[in-house]
Amino acid sequence: MSAVRRTSILAVIVVLACGLAGCSAVRQTLGMSLVPVETEIKLGRELAAQIESQQRLLPDDKIQQYVVDIALPLLRASRIDRSDLRYRIAVLDDPKQVNAFALPGGFVYVYSGLLLFASNEAEVAGVLAHEIGHVVGRHSANRLATQMGMGALLSLALGQSQDELAEAAAQMAGAGTLAAFSREDEREADRYGVAYTVAAGYDPRGLVTFFTRLMQAEGESSSSRTSYETLMSSHPATSQRIRHMERLIANTGVTSGHREQERFDDIRSRLQHGYRGRSP
Ligand SMILES: [Zn+2]
């Protein structure tokens, strides 16, 4: 098919769909189909290399493996929705960051501060499952489509260099904009998150209790915000979003699940006291 013909077909789709569903939703859906998986993975690798050269990985193999072990059953569950990626899950060493994030292409990072703030393993699993949901939903592609505009994405998709797309994305990631997802994407990540925690046997309320306590803590410590970077800025939790999560959980019919309290307490205690003396 010629480039001109493809452009006109896509333009017709955009016009039709804008009328039906609103342009923002259309831009996101098209963005998803216009950013190729190879570009997504390439971009993710570049960003991950950047992150790991600028920030410190937690120098404790046992805790790194612990978080990977939490993620594995969630990742297995996610293969129903997306199975074309190999994931990397890692802990970054910053006790002040109650945060986690996903890069394009399957790179998921959790800060040690999030492990310290969590009260059980189901909460960590809930956050990980939510981040995996962003990867499964290819939300960074949606973000790119929104940032670049459809025109630029279309011309890139119609044969121009994919390096140009990766370069544009890397610039945006540098400005921190790739991390901020739309409200629709947050809701979708919550939907995937609930499904994967239930499939893995975790108590799906972990994500709800985690965000509820985080909202309370933020309310109490708004004056010390500068030393308290949290998930709230990149994945805003509102009471509306919490109600949405509770509805999703109610719909599964699942009322309990494991929290692995003892195992979690051991790891948190190791994080608080154990590895510091041995780290470089
Ligand atoms: Zn999110």
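These exercises work through a predicted model of a protein chain.

**Exercise 1.** Find which helix has the lowest mean pLDDT and which the highest, then locate stretches under 50.

*Solution.* Start with the whole chain. The average pLDDT is 80, and 68% of the residues score at least 70. Next, go to the elements. Helix α1 (residues 3-21) has the lowest mean, 46. Helix α4 (residues 61-78) has the highest, 98. Now look along the sequence. Residues 7-22 stay under 50, with 10 contacts beyond four places in sequence. Residues 223-229 are also below 50, and this stretch has 6 contacts beyond near neighbours in sequence. Where pLDDT is low, the predicted coordinates should not be read in detail.

**Exercise 2.** Describe how α4 and α6 cross, and list the residues that meet.

*Solution.* Take the axes. Those of α4 and α6 (residues 121-136) come within 10 Å and cross at roughly 40 degrees. The pair is therefore oblique. The crossing is right-handed. Now take the residues. From α4 come Ile 70, Ala 71, Leu 74, Leu 75 and Ser 78. They meet Glu 121, Val 124, Ala 125, Leu 128, Ala 129, Ile 132 and Val 136 of α6. Sort them by class: 10 are nonpolar, 1 is polar and 1 is charged.

**Exercise 3.** Decide whether Leu 103 is buried or exposed, and find its contacts.

*Solution.* Beyond four places in sequence, Leu 103 contacts Gly 44, Leu 47 and Ala 48. Finally, check Val 135: it is 32 residues from Leu 103 in sequence, yet their C-alpha atoms are 7.4 Å apart.

Definitions and conventions. Residues numbered from 1 in each chain as written. Predicted model: local features only at pLDDT ≥ 70, side-chain atom pairs only at ≥ 80, totals over all residues. pLDDT = per-residue confidence, 0-100. Helix = DSSP H or I, 4+ residues; strand = E, 2+ residues; numbered from the N terminus. Contact = placed C-beta atoms within 7 Å. Axes fitted to C-alpha atoms, helices over the stretch in contact; angles between N-to-C directions. Parallel < 35°, antiparallel > 145°, perpendicular 65-115°, else oblique. Left-handed = near helix turned anticlockwise from the far one by under 90°. Nonpolar A, V, L, I, M, F, W, Y, C, P; charged D, E, K, R; others polar.
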